[in-house]
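Keep the viewer open and follow along as the residues come up.

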Amino acid sequence: MPRVTHTKTIHDLRRDKRNLERLCRLAAEIAKLGSERGTLQTIVDAAAEIVGVHSAHIALVDKYDQELYGVVSSGSHPPDAPRIRCQLPQSSAARQALKARKVIVISRAAGDRRVDPRARTLLSIGSIVYLPLRSAGQSFGLLILVSRRPRLWTRGEVRLARHFANFAAVALENSRLLSRLAETEGRFRSLVEHIPAIIYTCEVEAPYRTIYVSPQTQATLGYSPKEWVDDGCFFMKLVHPADMDALIDRAETAALGRSFAAAEYRLLDRRGEIRWFRDEAVLVRDPSGQPIAWHGVLVEITGIKEMHQLGTPRDDFDRRAHRPSADRPRQT
């Protein structure tokens with residue numbers, strides 16, 4: 001008898017080791033931040049296999065908290081396969097799991113009024129477990145495990161099922177976070193690309209290689225963003241020589257001090273005309289305090305400068321006549 005017990009224990013340990021390895025691989029899969037549906041499909045398939053149930057389902061609550069709609073189910077299904085929908089008022093077990101944020105186990109579903117009768121028929125429910133998906137203290141969906149026959153659930157099985165519910169909640173929250181970040185980035189980019197100014201990011205030291213410049217540079221100066229980025233010295237080729245030294249000194253002083261720089265200087269547009277700009281930039285640093293890049297905005301002030309210079313001698317520096325063809329942007 002002791003030998004049988006020992007053999008059984010080794011078998012259980014090996015099974016637990018395999019399950020732990022599967023859970024670790026699943027956690028790594030979620031950390032990859034892959035596609036939402038693919039990750040959820042992996043979770044429900046693994047849950048059905050490891051826990052040992054007929055099917056596993058992830059369902060979310062609609063915005064009115066009235067309906068539970070299926071998102072993904074274990075097994076293979078055609079892309080257009082209908083997903084289960086359950087009215088929460090008709091499923092008190094699902095509603096209780098969501099509201100109380102606790103696991104609801106029904107060992108024998110036949111005749112149990114807590115189970116939606118339509119779902120019981122469609123999913124062939126003999127036994128069912130509802131596990132809430134939680135975020136920020138609230139439940140927003142369920143992991144549902146279904147057995148076709150009545151079943152007595154052990155604590156270990158329920159604890160294992162909880163891991164899969166946690167994985168599903170994390171995967172969904174990651175997906176939602178990425179979606180919100182993408183939406184925010186899109187809105188910010190739209191704002192940047194439509195305000196009447198040139199937004200840029202450049203390296204900290206001269207020649208201030210451009211990392212990013214907004215599309216307004218095309219309409220304002222006649223140069224495309226690609227031209228700025230491809231040529232590491234492009235910005236310096238546009239700066240009026242008389243403004244060069246002061247511009248560099250101001251940037252170096254700001255980098256050593258308050259990390260904010262403001263300047264007014266002249267740039268040459270594609271037609272060879274001199275344009276005045278107001279440049280305000282902030283120095284971005286990494287957590288250790290090392291400078292990473294300048295983030296700034298260029299606003300044209302040529303009209304203001306011309307108004308101030310009415311009645312004064314014109315700047316006799318003709319940039320077009322002093323631009324070396326070898327190291328200046330070509331006109332088209």
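## Helices and the model

Helices here are DSSP runs of H or I with at least four residues, numbered from the N terminus. Asp245 has its place in one of them, helix α9, which covers residues 241–256. Please keep in mind that this is a predicted model.

## A negative patch

Asp245 belongs to a patch of negative charge on the surface, where it gathers with Glu205, Asp249 and Glu252. Is Asp245 buried or exposed? Asp245 counts as exposed because its relative accessible area is 57%, and the cut-off for exposed is over 50%.

## Helix α5 and its leucines

Helix α5 runs through residues 155–192, and Val170 is found in it. The relative accessible area of Val170 is 41%, so this residue is partly exposed. If you look across to Ser135, you will find a residue 35 places from Val170 in sequence, with a C-alpha to C-alpha separation of 8.2 Å in space.

Leu181 also has its place in helix α5. Together with Leu177 and Leu178, Leu181 forms a nonpolar patch on the surface, and the three share about 260 Å² of accessible area. Leu181 itself is partly exposed, at a relative accessible area of 48%.

## Salt bridges

Side chains of opposite charge can pair when their charged atoms come close. How many salt bridges does the count come to? The count comes to 14.

One of them links Asp231 with Lys237, whose closest N and O atoms are 2.8 Å apart. Asp231 is partly exposed, with 24% relative accessible area. Another joins the side chains of Arg275 and Asp269, with an N to O distance of 2.8 Å. Here Arg275 is buried, and Asp269 is buried too.

Glu280 and Arg278 form a salt bridge as well, with 3.2 Å between the closest N and O atoms. Glu280 is partly exposed at 34% relative accessible area, and Arg278 is partly exposed at 29%.

## A buried serine in a loop

Now turn to Ser91, which sits in the loop between β3 (85–87) and α3 (92–100). Its relative accessibility is 1%, so Ser91 counts as buried. Which residues does Ser91 touch, leaving aside those up to four places away in sequence? Ser91 touches Cys86, Arg114, Asp116 and Tyr130.

## Backbone details to check

If you like to inspect backbone geometry, start with the peptide bond from Ala206 to Pro207, which is cis, with omega near 15 degrees. Pro207 lies in the loop between β7 (198–202) and β8 (210–213). Tyr208 has its place in the loop between β7 and β8 as well, and the phi of Tyr208 is near 55 degrees, a positive value in a residue other than glycine. Tyr208 counts as buried because its relative accessibility is 7%, and buried means under 20%.

Arg101 is another residue other than glycine with a positive phi, near 55 degrees. You can find Arg101 in the loop between α3 and β4 (104–106). At 35% relative accessibility, Arg101 counts as partly exposed.

Conventions:
Residues are numbered from 1 along each chain as its sequence is written. This is a predicted model: local features need pLDDT of at least 70, side-chain atom pairs count only at pLDDT 80 or more; totals for chains, interfaces and linings use all residues. Side-chain values use heavy atoms; hydrogens and water are left out. Helices (H or I, at least four residues) and strands (E, at least two) are DSSP runs, numbered from the N terminus. Buried means under 20% relative accessible area, exposed over 50%, partly exposed in between (1.4 Å probe, protein chains only). Contact means heavy atoms within 4.5 Å. Patches are made of residues with over 30% relative accessible area and no salt bridge: like charges are joined within 9 Å, nonpolar side chains (Val, Leu, Ile, Met, Phe, Trp, Tyr) within 5 Å. Accessible areas come from the Shrake-Rupley method with a 1.4 Å probe; for residues, only the protein chains shown count as cover. A salt bridge is a side-chain nitrogen of Lys or Arg within 4 Å of a carboxyl oxygen of Asp or Glu. Lys and Arg count as positive and Asp and Glu as negative; His and the chain ends are not counted. The place of a charge is taken as NZ of Lys, CZ of Arg, CG of Asp or CD of Glu.
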